[in-house]
Amino acid sequence: MARLLFLLILISTFNGTLAFAPSSTSRDLRCITANSAMKEDGVEGNTLSPFYSVSDRRSLFSKASLAAAALVTVNVSPLTAEAVITKEANWPLWTALPVAPFNRRRTIRYEIAPGVYAFDQMIGIYYVQVPIRMSVVTVHQNDPNKKGLVVYAPVAPTKECLSLMQELIDQYGPVRDIILPSVAVEHKVNAGPFARAYPKANFYATDKQYAFPLNLPNSFLGLPSWTKPLPRSSRDSDIWGGELEHEVLTVKPGIGSMYQDVALYHKHSETMFVCDAVFAVNEEPPKILIEEEEYTKALLFHARETKDDIVEDTPENRRKGWRRIVLLFDFFFPGSGRGDLGPGPVLEALKSPFYKDGWGGWKPFSWGDDEVKDFNVFSAGGKPTVLPIIQIILSRGPDEMRRWLGVVTKWKFKRVVPMHLDAPLAITPSEFEDAFLFLKSDYNQVRFCDEDVEFLRKAEGGPLNFSVYDTSLGTLRGEKCGIQRPKKKA
């Protein structure tokens, strides 16, 4: 299952889309809802690289992944524990991208600023679960004939999600425009079903959509027939009637792959939205994980020190679990942890198939004494940065990055809303630009510990070398922090 983590994150961030589409039954989805206000580098037993690049169409198997398949048969479905997730949160098309929380897609909505709302759901594998976000803004509120809503980065349109949308529609007017700002699978997979829930709205998608392993037409990807390519910039058009501005970032990191992100500026609230270009995180778990008992299990699952630990639900244990989720999500094999993808942990898990939180309690990762230091250097108290795998991509297009930043940093925003992890981020245009540290250096500099990017650096120079272009900036480099992995178990 660890290989699935790598597979899905790498496919999505190298921006392919699995070549299957949501069922056409999504055309009939309707929406209502209920309010609610990832023997070196710390990897053992890993005989094949866990990277499945866009150019590499071969299947990757190992003893670990084959043994892990047995775990899937033990616990492939969502957890049976019932909390406050209701049938309104059910998402029948979850098989289009079979990742947690499967069909049980709780949605929470909260106000970012006047006329700006975030809708958070959750996405992950092996309890490495993080928020995935949709944003909604109000436009033309002083014109009864034009007022309404613009939706950015749609999430799964469950009844709950769309009922929360209906409350905004009743107050601010209809959904007028929907924007798919990315070619990444986790954002694309729900965009078509969401757009079909509002067939009268304009539906815009970035213009370099493609599929993997077969480059199928948009209609085969679940996108509706009325999909329009989003113009690369709003500077030469009046597409938003003066209410918004947007600028598309396009980087081709290698043969057969593409990355796009849309910066969208909502003038009235002085808010800028980006999909995956930046993110930030602090020590407190996100609301979507702590408000739902079923989801909170992810935090406690990763707070364990041994396979059979039963962890008490305390604020500190929740923070410990969140630290580990973040480090795994960002680095796969962080410098303060050790991974064992061999059959040993899987075989141990198979001895307890009914472990209360699923997966047989499978625990292929252990953590050392420097875990807290590792996280603190990485998070920097919530300071925005670039996801390492995204930086590998963006460093292939430094000129395009500078062009894009030259446009968006002229906008007078005072907050940024990314579609993952923390939001909103109270930052200025200059602080946003500072997140792209590698553009101000003569090497591919990261803000966090060099020990954390060692695995990704070797992968970039090895298994991924044929799927990404060379860059004059080289591979990822950070400052040595002196963090150490836990000792290998005898």
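These legends describe an overview and two close-up views of a predicted model.

Local features need pLDDT of at least 70 and side-chain atom pairs count only at pLDDT 80 or more, while totals for chains, interfaces and linings use all residues. Residues are numbered from 1 along each chain as its sequence is written, and side-chain values use heavy atoms, with hydrogens and water left out.

**View 1. The protein chain as a whole.** The protein chain holds 13 helices and 16 strands. Helices (H or I, at least four residues) and strands (E, at least two) are DSSP runs, numbered from the N terminus. Of the 490 residues, 63% are buried. Buried means under 20% relative accessible area (1.4 Å probe, protein chains only). The chain exposes about 18,900 Å². Carbon and sulfur atoms supply 53% of that area. Accessible areas come from the Shrake-Rupley method with a 1.4 Å probe; for residues, only the protein chains shown count as cover.

**View 2. Thr227 in strand E8.** Strand E8 spans residues 227-229 and includes Thr227. Thr227 is buried, at 18% relative accessible area. A polar atom of the Thr227 side chain lies 2.6 Å from the backbone oxygen of Pro224. Leaving aside residues up to four places away in sequence, Thr227 touches Phe203 and Ala205. Contact here means heavy atoms within 4.5 Å.

**View 3. Thr158 in a loop.** Thr158 sits in the loop between strand E5 (148-152) and helix H3 (159-172). Thr158 is buried, with a relative accessible area of 1%. Lys87 is 71 residues from Thr158 along the chain. The C-alpha atoms of Thr158 and Lys87 are separated by 9.4 Å.

Conventions: Buried < 20%, exposed > 50% of the residue type's maximum accessible area, 1.4 Å probe, protein only. Polar contact = N/O pair within 3.5 Å; in protein donor to acceptor, adjacent residues only side chain to side chain.
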